[in-house]
Each structure stands twice: as structure tokens, then as C-alpha cells.
Amino acid sequence: MCRPMADIDVAIIGSGPAGISAALELRRLGVRKIVILEREREAGGVPRHCAHPPYGFWEFGRIMTGPAYARRLVRLAAQAGVEIRTLNTVLDLLPGGVLDVATPQGRVQLQPRRVMITTGARETPRSARLISGERPAGVINTGALQAYIHLHGMLPFRRPVIVGTELVSLSAVYDCRAHGVRPVAVIEQNSRATARWPLNLFPKLLGIPTLYHSEVVAIAGMPRVTSVLVRGAGADQKIACDGVLLTGKFLPEASLVRGSDLVLDPAAQGPAIDQFGRCSDPVYFAAGNVLRPVETAGWCFREGRRIARYVADDLAGRLAGPQGAAEIVCGDHVKFVVPQRLVPGGGAKHLEIRVRAAVQGRLRVLAGTNIIFEKNISALPERRILVPLRVLAEHGGDRFKVEIKS
Amino acid sequence: MSEHCIFGEKFDIAVIGGGVVGCAVARRFTLSGAKVVLVEKAADILAGASKGNSAILHTGFDAPPGSVELRCMQAGYSEFLEIRERFGLPVQRTGAIVAAWDDEQLEKLGGIVGKAHKNGVADVERISRADILAREGEISGAVLGGVLVPGEFIIDPWSTPLGFMQQALANGARILRETELLSGRFDGGDWRLTTSKGELHARTVINCAGLFGDVVDQRMTGAAQFEIRPRKGQFVVFDKAAAKLLNTIILPVPTERTKGIVLTPTIFGNLLVGPTAEEQTDRSKATVEREALEQLIAKACEILPALADVAVTATYAGLRPATERPEYRIRYDSEKNLIVAGGIRSTGLTGALGIARHVEELYETNNEPGPRLNDPVWPVMPKLAEREARDWTRPGYGRIVCHCELVTQREVEAALSGPLPARDLGGLKRRTRAGMGRCQGFYCNAELAEMTRGRFAEPMDVPSDG
Ligand SMILES: Cc1cc2nc3c(=O)[nH]c(=O)nc-3n(C[C@H](O)[C@H](O)[C@H](O)COP(=O)(O)OP(=O)(O)OC[C@H]3O[C@@H](n4cnc5c(N)ncnc54)[C@H](O)[C@@H]3O)c2cc1C
Ligand SMILES: Cc1cc2nc3c(=O)[nH]c(=O)nc-3n(C[C@H](O)[C@H](O)[C@H](O)COP(=O)(O)OP(=O)(O)OC[C@H]3O[C@@H](n4cnc5c(N)ncnc54)[C@H](O)[C@@H]3O)c2cc1C
């Protein structure tokens, strides 16, 4: 293995919207040597295979497809003098920012001055959902479906059942229909769709029955799927199909963090950060969907850009130190909060919150026993709720709790 | 050589079934100079009972004293450790602790040590609660004491039998996959075997058909001498983040019926909990059931509370070829040149090499031992164990195809070529681990579909409608 190379100012792990926007911003702020490490053959992250709009609205003021958006990001990065090293897989995050990297030329270690982790998110597979039954081919996530269609020109099935009604589920319906795949049903465990109106009407408009309060409890068939068993309000129902598309239930792709000394937040399932996106080892920063499941590409883009500014400040010795952090913890109904730490001095404007299940009530932030913020909310899971961080910073304290009293 | 020639040739030995037992038997007879053919009905070998097990190399400390099973396990255990380096096959010397969680179990520990010593496993000893906690920092404080079995190890459950078969093939054996034995006729000297692909001619037949051992026995002799009663075992595999939580295999104090639920590291760097023991009649459907999986997870978290925060990577189930009796059903019908290695229920991965020896000894009671090969070829298996230098550490691998398990393009291509190429996704996974990691194919499934185009019995993709 080579000796750590020390001439890189910032190494960014992952070339999705968060990673590339961070690189662009760092360059704009005059940071010299930025290297993006990307394990795929092509840079661009998930949008590479989301072949539908709307991407790019926030960033470029126009609506574009995922691949066009990804290409645009990569082009801008190249123009800005950002080096993107594809087929570079980061294997380990070592203390002090040393990165262990697999490359086709051999294993190397890098020691950039700062590291940004922008490794994105993926969907929960069949196994972790503990679905019963046989284990045939054709049970996949949306990410894989998109890769079949848009990266390889293939189809994994023709008559799938689609599980979930998140945005990504609708994107899957769109992809299916655009390629001659005819979903036989959409299955949603809750009483209503997760995606907002009017997008939630999309399957219905296409004549695909949506079964609410329902769950795929077993998969049958070998070597291919032949049917699923769906449990709803009434009797169990067997639905013939040749595949099962498991959509959403996102998880940060944070295995690098899990394998390192960095603190992982078991609630958000990404690295625990302060309001500057700084991890427990202050050389590491993180942005994008690795922080939490899950946000849009536009959000990740802006988040990458914002956190890049803090990284630039830090390189210039202008960022508030990591000392004196207050912790922000989850109370009733709250699934996670990001950031999880607040240090004195500026940074992100908002605390991001998600709830576990649909809930109505009063959202409160407590410092000790004092209620320092409250408002009425009606919240659904997978939808972001924002609380101004200023309220917490102004009050001060070493521990804040966010809860919903229903 | 084409399959066509195989049907015209005469073999000394026809092995029916490419499970771990059939692979070990084919290897043994090949190395002893016999002309061997192995017949497997599935697209690939290791598609039956050998597809999903706990991957523990057992010492036999708790096997029935004096049994054939114990003898085969111990012979298999020693031979594996003797030959594994030549194959490049890994072993992780974890040791095992039989842990007691209540007073009743605590009382049984003395008996377990006694039985182990009787079985010749001399290093088995009592271990105190304090020693267990010192050795395994994350184990629940509810443990009361245990028995330490230093010789229980974990191995690669697929590369091991693949290695046996590869060696047989490299030294002249032949294999027919997607070929089912349908019936057999013994003409007093030789067997004429009818298969789904044509007629085979062999002097001696060895039935290693696992979950279909009785069916093949019936097809060969007209009446099966035992009855397979499949016993399902479900498993949950935890994320590699769990590996640092446990070093030793944690065994339960056995009951009359089963070895019970085991929590064990795997050679691939995961943690595994299982198996259940559920009788069923179906011989091929190994389904997982949410309720059972949830119970396994709960059990695992009881033993190792820190597992509560660890994600599930995979779930699977295997079927044990149990019979109406607990013991191995091995017999030699010398009048008919027929050997049956049936009912290899729950220790076949360990026992396979020993079973192969035992079968050969039976054979040699009535046949001249052949001239052993002087200088057999030893194929070297791919390095898949977590603690070894994997393929990606050597330049020239092309690209990494499966990110979670760091499987390279070079590894996938190798598994799709050579004398025993993977013929389905299961076979590819067993040979490379592609798609077996935490994302379960989110990132690589489509890429694998493209790389395996035209290589699999059933393609991964479907033709489009238009
Ligand atoms: C299937 C799917 C469909 C989606 N559809 C939409 C949509 O239609 N509209 C929308 O707005 N949002 C959508 N999203 C959400 C959002 O667009 C993406 O999650 C977004 O791309 C997030 O950006 P990111 O930069 O955080 O991560 P990603 O785009 O996921 O990029 C992460 C990059 O990191 C790389 N990487 C990971 N680990 C390593 C490592 N160890 N070494 C090197 N590189 C590594 C990955 O290869 C990847 O290129 C979707 C998400 C998914 C998963
Ligand atoms: C849950 C579980 C956990 C276990 N844990 C362990 C462990 O930790 N350690 C250990 O040592 N052992 C363990 N075992 C036991 C071990 O896996 C089995 O003993 C072993 O796999 C049996 O192998 P086999 O070759 O006899 O059968 P199989 O693997 O079933 O092989 C038989 C083969 O014959 C083929 N076949 C059947 N009929 C025909 C036909 N008519 N024509 C052609 N081919 C045919 C089948 O397709 C199959 O491939 C476990 C087993 C299970 C199920």
C-alpha cells in the first residue's frame, strides 16, 4: 500500500447531487484540490438511472430527467476543475481523515485535509422486511429496476406487484408503464398514500388498483415469482404476478460510518452531525441522503452546497470548534432529528424532524423542563418537519428534546 | 467433451446427487483411480440440503457415542483440516460455548463434558460465567455458565464442496447437471441408469440424493429402505457491523429433539442465528416465515443485546434430509453394487469427507482398491472469507461489481467459466458472494443480469412484450 497522499484539500465520497454540489461550491470558494471518489463506472449518483423529471428545478431553474441532470452535474464539476475518480471504492474511514481506497490499480490510502461523506441512500431489501415465503428471482428494489431499464436495457419482470406509495414508488410506476411493464397492483400498508396529492392519484389514473391497509405477507414461486399473498382488512388475497417491486423504506448507505469510529445515530441511521454537518471526528463532514432517509435530489444538492461552505470555513480556520456541543434527542412520536448536536455559533437554520407514524398534536422542543418552542402539527412519516435552530441556540443548554404531544 | 460421449462410456462409479456428500464421494473415488460420473438434477450442484446450513465444522463432542455419524464427522473434521490449505479453503478457529441460561441447563453441563470426553474430544471443559463474560464482552449477563468446545470452527459451506467437486473434475471425473436419475436396472454385473438426458452405464451406483435419497432408493431397488422426513431450518443473517460483537459460536444446551438455536459468526464476517427445526413433507420448498424470523431475532438479541441495533442482511432456510430414525442411513448392497449414503441430516458438511472414506471402505470389502492417483491436481478456490486478502486487493480485477461484498468483475467472470460454471444466480452467489451483502442487489442485481446473459439456465431478466 502507498503512503497516505496529503495534497488533497477535500475528498468527497460519492458523486451524487450532494457530493457534486459540495465540490462545485468548494471550488467557487477557492478551495484548490477537490477529489470525488466514486465507486461506480459513471459519476452522478442515483439520478443517473431515474429517467423521469422533475430534477433540476431548484438547481438549474428548469425541469429535467435524472440522467440529464446527472450529466449536467458531472460536466459542471469537470469544468470547475474537480477531479472525479470513478471505480474508486472507499473501504474504510480511518481516524484523522485517512481513507482506505480500492482502485483497479491497487489499494491506496489518501489523507485529505477534510473529508465529506455523501454516499446517499438505498431502499430496504426483502430480507430486512422479513417477508415470508420462497425466495425467487424478481423481488427487487426500485433502484435495481431503474438500473435494469436505464443502464442495461433489460426488464426484471412484466407483471409486478408494487409495494409502497412513496414518491419513489410512483417513479417506479412511471418507469414500468413507459417500458411495457404493467403492474398488477400497488400495495400500501397505511390508510393513505405517502406521496402527496395529486401525485398519489397517479396509479389510479393508470388503472392500477391500489390496496390500502394491506401488506404482502408471503411470496410464492420458484425460480420466478408466481404470486403474492396480500393481507388486508378482509380475507387474505392471492395475487398472480411475476415480480415484486419493494419501493422506498430508505436507509442511509452508511456502512462506511458503521465500520468506522465515527458516531452513528441509530435513529436517523446516518452519521451524527452538528449543525455544520460535522461528524464526531471533526475532519469528517457529511451531507445528502447519507444523513437520513430520505430527501429529494434538490434538497441534497442544496445541503451539499451549504455544508461545503462550512468545510471551506473550517479549512480557513473560521469555523466554530466542535467543543461545547448540546445534544438534541428524540421524544414521543419523533423518529429522528438532524443535526443531533448543536455547538455555539451559526450554521444550519433548521432542525429537520420526521415522525414515526401519522400524528396530530403539539410539536415541542424542551430544554430541560422548559418548553422553548411549540406549534400545532399534523404530520405524516417520510415528510420533513422543520424547526428553527435559532430558538435552541438562543436559549442555550446542553440537552434539547423534541417531542409531539398528541 | 460433450455430454453425448458420457452416455456411451462405461463408468466405475455413478454418484447420484451433487450435494456436499456426493461431491466428497466423487472426489474420493476419483483420487482412488476410479472412473466417476456425478449426476445432478438441478441446474447447479449444492441446490438441495447443502444450499443452506450453519457452516460449522463440528468436533462431534455431542454426537451419539460409537455411532457411524461420530466416526464420519471426526474423520471428516481431520481430513478437512489436513487438506484445506491445498485448496486455499478457509477455517476460522472460533471455538464454541454451550451456554446455560437456567439452572436446569446448568445441571446438564457436566453430562455434556462427560459425553465429549467419551467421544474423544478431550479439550472440552467447563467454563465459568466470569470467563464467558471475559471472553465475550457483549454477551448477556444472564448467562450462568457453559462448556467450552475449543475445536468447533466455522468454514465456507459452499467453496468447500465446490472444491471437492472441482478436484474430482480436474482429475478426470465427469459431471452431468440438469440430469435427473429416473430409474436403474442392474443386469447382474452393471447398472443401466435411465436419466432425463439419456442412458448411463456404470458398475457401481452411490446414492447421495439427500432430500430425495428415498426416492432414488425406490427408483433403483423398487422399495426404499428409509423415508426422508424433511426438517426445515430458518436463519437470519445480521449485518457485518455485528461481527465485532461475537468471536465464539454460542450453542444452546441441546434437548432431545434438536441441536437448538445457534448464534455464530460466519466466515464471511456476518453473524448468523438459527436454525429452527420444523418438520414438513415438501422436499424442495424451503420458505422463510416472518414469525419464525422474528423469534430468531428476539432470541439472538437475548443472547447478544447489542444486536438490537444491527440490521438484518439476509434470511434463508435449509432442509435437513432427516429420516424416521436419527442416524445416518448408509448401507452397501454388494449383490447389487449399490451404496446408499442417505439421511445425512444435520452434520453432513462436517461429515462429508468421512462419509466418503466410509463409503469407500464398504466398497473395498467387495472390490479391489484402484491405483490411487500419485500426483492429483489441487484446484485453488477463490478467497471469499472476510479475513483473507480478497480478489480486489490484487490489481487487474476490472471493476468491483458487488459493492457490499466487494466482488470483482474478474471473480464473476471466473465463476461463469471453467469446468463447473455457475448456472443460476444461487450458484453465482455461492461461488462469489455477489448480491449476498447488505443491499441484497439494490446496486448490483441489474449489472449481474447483464453479465450473466446467456450463461444461466433461466435468465435473470424477462423478454419484453413488444
Ligand atoms: C431509487 C431511487 C429513486 C429516487 N428517485 C428520486 C426522484 O425521482 N426525485 C428526487 O428528487 N429524488 C429521488 N431520489 C432521492 C434522491 O434523488 C437521491 O437519493 C439523491 O440522488 C441523493 O443524493 P446523494 O448525493 O445524497 O446520494 P446518491 O445520489 O445516492 O449518490 C451517492 C453516491 O455515492 C457513491 N458511493 C457510495 N458509497 C461509496 C463508497 N464507499 N465509495 C465510493 N463511492 C460511494 C454511490 O455510488 C453514489 O454514486 C431517489 C432515490 C433512490 C434511491
Ligand atoms: C438448517 C441446517 C443446518 C445445518 N448445519 C450444519 C452445520 O453447521 N454443520 C454441518 O456439518 N452440517 C450442517 N447441516 C447438514 C448438512 O447441510 C447436510 O447434512 C448436507 O447438506 C446433506 O448433503 P447431501 O449431499 O446428503 O444432500 P443434498 O445437499 O440434498 O444433495 C443431494 C443432491 O441430489 C440431487 N438429487 C436428488 N434427486 C436426484 C435425482 N433423482 N437425480 C439426480 N440428482 C438428484 C439434489 O438436487 C441435490 O443436489 C445443516 C443442515 C441444515 C438443513
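## Salt bridges and polar contacts between the chains

Across the interface of chain B and chain A there are 2 salt bridges, a salt bridge being a side-chain nitrogen of Lys or Arg within 4 Å of a carboxyl oxygen of Asp or Glu. In a salt bridge between the two chains, the side chains of B:R290 and A:E215 come together at 2.9 Å, N to O. Side chains of opposite charge can pair when their charged atoms come close. Between chain B and chain A, 17 residue pairs are in polar contact, with both residues at pLDDT 80 or more; a polar contact is a pair of N or O atoms within 3.5 Å, where within protein one must be able to donate a hydrogen and the other to accept it, and residues adjacent in sequence count only if both atoms are side-chain atoms.

The model is predicted, so that local features need pLDDT of at least 70 and side-chain atom pairs count only at pLDDT 80 or more, while totals for chains, interfaces and linings use all residues. Residues are numbered from 1 along each chain as its sequence is written, chains are lettered from A and ligands numbered from 1 in the order in which they are written, and side-chain values use heavy atoms, with hydrogens and water left out.

## Extent and make-up of the interface

The contact (heavy atoms within 4.5 Å) draws 46 residues from chain B and 48 residues from chain A. About 4,200 Å² is buried between the two chains, with carbon and sulfur atoms giving 55% of that area; buried area is the accessible area (1.4 Å probe) that two parts lose on being put together, summed over both. On the side of chain B, the residues that lose the most area to chain A are B:R290, B:F442 and B:V462, which together make up 17% of what that side buries.

The side of chain B that touches chain A receives at least two residues from each of α8 (290-303), β18 (312-320) and α12 (445-451) of chain B, where helices (H or I, at least four residues) and strands (E, at least two) are DSSP runs numbered from the N terminus. That side comprises 21 nonpolar, 11 polar and 14 charged residues, with Ala, Val, Leu, Ile, Met, Phe, Trp, Tyr, Cys and Pro counted as nonpolar, Asp, Glu, Lys and Arg as charged, and the others, Gly among them, as polar.

## Ligand 1

Ligand 1 lies between chains A and B, and 36 residues are around this ligand, of which A:A18, A:E38, A:V46, A:H52 and A:N289 come nearest; a residue is near a molecule if one of its heavy atoms lies within 4 Å of it.

The shell around ligand 1 takes at least two residues from each of α1 (17-28), β4 (89-94), β8 (121-123), α4 (142-152) and α8 (297-315) of chain A. By class, this shell has 16 nonpolar, 15 polar and 5 charged residues.

## Ligand 2

Around ligand 2 there are 41 residues, the closest being B:E40, B:S50, B:I56, B:I344 and B:T350. A backbone N or O atom of B:L181 is 2.9 Å from a nitrogen atom of ligand 2, a polar side-chain atom of B:N53 is 3.2 Å from an oxygen atom of the ligand, and an N or O atom in the side chain of B:H58 is 3.4 Å from a nitrogen atom of the ligand. Taken alone, ligand 2 exposes 1,000 Å², and the protein buries 98% of that area.

Two or more residues of the shell come from each of α2 (20-31), α7 (213-221), β13 (231-238), β18 and α9 (348-364) of chain B. The shell around ligand 2 consists of 18 nonpolar, 17 polar and 6 charged residues.

## Salt bridges over all chains and backbone geometry

Over all chains the structure holds 50 salt bridges, including one in which the side chains of A:R113 and A:D9 meet at 2.9 Å, N to O. This pair links distant parts of the chain, 104 residues apart, with A:R113 in the loop between β6 (106-110) and β7 (114-117) of chain A and A:D9 in the segment before β1 (10-13) of chain A.

Most residues other than glycine have a negative phi, and most peptide bonds are trans. The peptide bond joining A:P293 and A:V294 is cis, with omega about -25°, and A:V294 lies in the loop between β19 (284-286) and α8 of chain A. A cis bond also runs from B:G274 to B:P275, with omega near -5°, and B:P275 sits in the loop between β16 (271-274) and β17 (278-279) of chain B. A:H333, a residue other than glycine, has a positive phi near 70° and is found in the loop between β20 (326-330) and β21 (334-338) of chain A.

Conventions:
Areas by Shrake-Rupley, 256 points an atom, 1.4 Å probe, with all protein chains shown as cover.
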